[in-house]
Amino acid sequence: NPTHACSAEDTELPPGPYDKDSQWTEESIRSCLHLFLALLPLKPRMIHGLAEVYRESSSMIKRIILRMVETPVSMIGMKSKEILQLIESGPKRLGDAGDTCSTYPYRKRGSL
């Protein structure tokens, strides 16, 4: 439920895309993810929580995450301890994104 992910539980929200009975839509996913990814370069350790969410998500959510995560990850840098830990943990933590993430630095240089 998008309400719990983007706001405090005790906050009254007006009816709309984050209504308590609403379902995740692409718009609500992008909205919550945008805030999370804006904070990610400031707190790189949050990438591990994103990996857990990614692994358990539907294919639609995975596609959205993969489309939006490139810039914040590049801002963190591939030499970041958190990024390196995530890549080393590979498929165990990332599921089907493990291969995508582990080849990212090479794809950017055009060697694959």
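**Helix α4 and its two neighbours**

Let's start with a crossing: α2 passes α4, and the handedness is right-handed. Keep in mind that this is a predicted model.

The axes of α2, residues 26-39, and α4 come within 10 Å and cross at roughly 30°. Angles under 35 degrees count as roughly parallel, and α2 and α4 are therefore roughly parallel to each other. Who touches whom? On the α2 side we have Glu26, Ile29, Arg30, Leu33, His34 and Leu37. They meet Met60, Ile61, Ile64, Ile65, Arg67, Met68, Val69 and Pro72 in α4.

Next, α3, residues 47-56. Its axis and that of α4 come within 11 Å and cross at roughly 160°. That makes α3 roughly antiparallel to α4. The α3 and α4 crossing is left-handed. Here Ile47, Leu50, Tyr54 and Arg55 of α3 contact Lys62, Ile65, Leu66, Val69 and Val73 of α4.

Now α4 itself. The helix covers residues 59-76, which is 18 residues. At 1.5 Å a residue, α4 should span 26 Å, and its end C-alpha atoms are 25 Å apart, so the two agree. Where does α4 bend? At Val69, by about 45°. A proline, Pro72, follows within four residues.

Which α4 residues are buried? Ile61, Lys62, Ile64, Ile65, Met68, Val69, Pro72, Val73 and Ile76. As for the spacing, an α-helix has 3.6 residues a turn, so residues three or four places apart point the same way.

Last point, the end of the helix. Gly77 follows α4, and its phi is positive, near 100°.

Definitions and conventions. Residues numbered from 1 in each chain as written. Predicted model: local features only at pLDDT ≥ 70, side-chain atom pairs only at ≥ 80, totals over all residues. Heavy atoms only, no water. Expected span 1.5 Å × (residues − 1). Bend = angle between axes of the 7 residues up to and from the residue. Buried < 20%, exposed > 50% of the residue type's maximum accessible area, 1.4 Å probe, protein only. Axes fitted to C-alpha atoms, helices over the stretch in contact; angles between N-to-C directions. Parallel < 35°, antiparallel > 145°, perpendicular 65-115°, else oblique. Left-handed = near helix turned anticlockwise from the far one by under 90°. Contact = heavy atoms within 4.5 Å.
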